[in-house]
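Student: Please take a close look at a single part of this structure, and then follow what surrounds the rest of the chain. Keep it plain, and give the cut-offs with the terms.

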Amino acid sequence: QVQRLAAREIDHYVMDKRYIRRDGEQVWVRLHASGVWDEAGDFVTFIAQIVDIDEQKRLIAELERSNDDLKHFAYVASHDLQAPLRIVSTYTELLTESLDPSSLTEEQSDYLTEIASSVHYMQALVSDLLDYSRVTATPPTFEPTSLCAVVTGVVDRMAADLTGAGAEVTLDCSEDVV
């Protein structure tokens, strides 16, 4: 960078550097360097600013460790949640299959449907949590999503809470945002 600056290929540069103090302690700094040229265009000297970023580097390292811990927790939690969800799903299916549909009230049938729907939703959440725990430095991919579909899904999942609160939600999806 110094040679490129002196050759006027660049007019400045910024870099993080690690220095070792006399006592052996390391310190991180951010170096901002610019060149000074005379009227004839000849290189004269450097102007440098050195900023102590040791605390910033320490905090970044701590944050990275914390993120690694969080990803590990997400991985473990998602695996631990899958087994009870499979059991609830299996017993709900067995219960539904063992009952005579004509013997169920509409309310009972709705309960079984809601349990199955909630288990499916929770399985999707656990799957997403597991996917999150596997995230690497790969940038995320984005795809168009229907806002109406998202809001409808939220309202459907909150139906029991909304009913209990006496709330009514009206959606107009005639002009969906994607």
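**The cysteine link and the rest of the chain**

Tutor: The link of C148 and C173 is right-handed, with 80 degrees about the S-S bond. A disulfide here is a pair of cysteine sulfur atoms within 2.5 Å, and the sulfur atoms of C148 and C173 are 1.5 Å apart. This is a predicted model in which local features need pLDDT of at least 70 and side-chain atom pairs count only at pLDDT 80 or more, while totals for chains, interfaces and linings use all residues. Residues are numbered from 1 along each chain as its sequence is written, and side-chain values use heavy atoms, with hydrogens and water left out.

A search of the whole structure finds one disulfide. The pair links distant parts of the chain, 25 residues apart: C148 sits in helix α4 (residues 147-157), and C173 in the segment after α5 (159-164). Helices (H or I, at least four residues) and strands (E, at least two) are DSSP runs, numbered from the N terminus. C148 counts as buried because its relative accessibility is 14%, whereas C173 is partly exposed at 33%. Buried means under 20% relative accessible area, exposed means over 50%, and partly exposed lies in between, with a 1.4 Å probe and protein chains only.

Now the sheet. Three strands form an open sheet in the order β1-β2-β3, with antiparallel pairing. β1 and β3 (43-52) are the edge strands, each pairing on one side only. Two strands pair if DSSP finds at least two bridges between them. Strand β2 (residues 26-37) and β3 run antiparallel and are joined by nine bridges. In this pairing, R30 stands opposite V51 in β3.

Helix α2 packs on the sheet and touches β1, β2 and β3, its direction making about 125 degrees with that of β2. Axes are lines fitted to C-alpha atoms, for helices over the stretch in contact, and angles run from 0 to 180 degrees between N-to-C directions. Contact means heavy atoms within 4.5 Å.

R18 is in strand β1 and counts as partly exposed at 47% relative accessibility. Leaving aside neighbours within four places in sequence, R18 is in contact with Q26, V27 and W28. The C-alpha atoms of R18 and V29 are separated by 6.3 Å, although these residues are eleven residues apart along the chain.

α2 (residues 54-98) has 45 residues, so at 1.5 Å a residue it should span 66 Å; its end C-alpha atoms are 66 Å apart, which agrees. The expected span is 1.5 Å times one less than the number of residues.

The buried residues of α2 are A74, A77, S78, L85, S89 and T92. What covers them includes α3 (106-133). S89 counts as buried because its relative accessibility is 16%. Not counting residues up to four places away in sequence, S89 touches V119 and Q123.

Charged pairs come next. A salt bridge is a side-chain nitrogen of Lys or Arg within 4 Å of a carboxyl oxygen of Asp or Glu. A search of the whole structure finds six salt bridges. One of them joins D16 and K57, with the closest N and O atoms 3.4 Å apart. D16 lies in strand β1 (residues 12-20) and K57 in helix α2, so the pair ties together parts that are 41 residues apart in sequence. D16 is partly exposed at 29% relative accessibility, and K57 is partly exposed at 27%.

R58 and E55 both lie in α2, three residues apart, about one turn of the helix. R58 is partly exposed at 39%, and E55 is partly exposed at 44%. Elsewhere, salt bridges that share partners join D16, R30 and K57 into one network.

The side chains of R21 and E25 also meet in a salt bridge, at 3.5 Å from N to O. R21 counts as partly exposed at 38% relative accessibility, and E25 counts as partly exposed at 40%.
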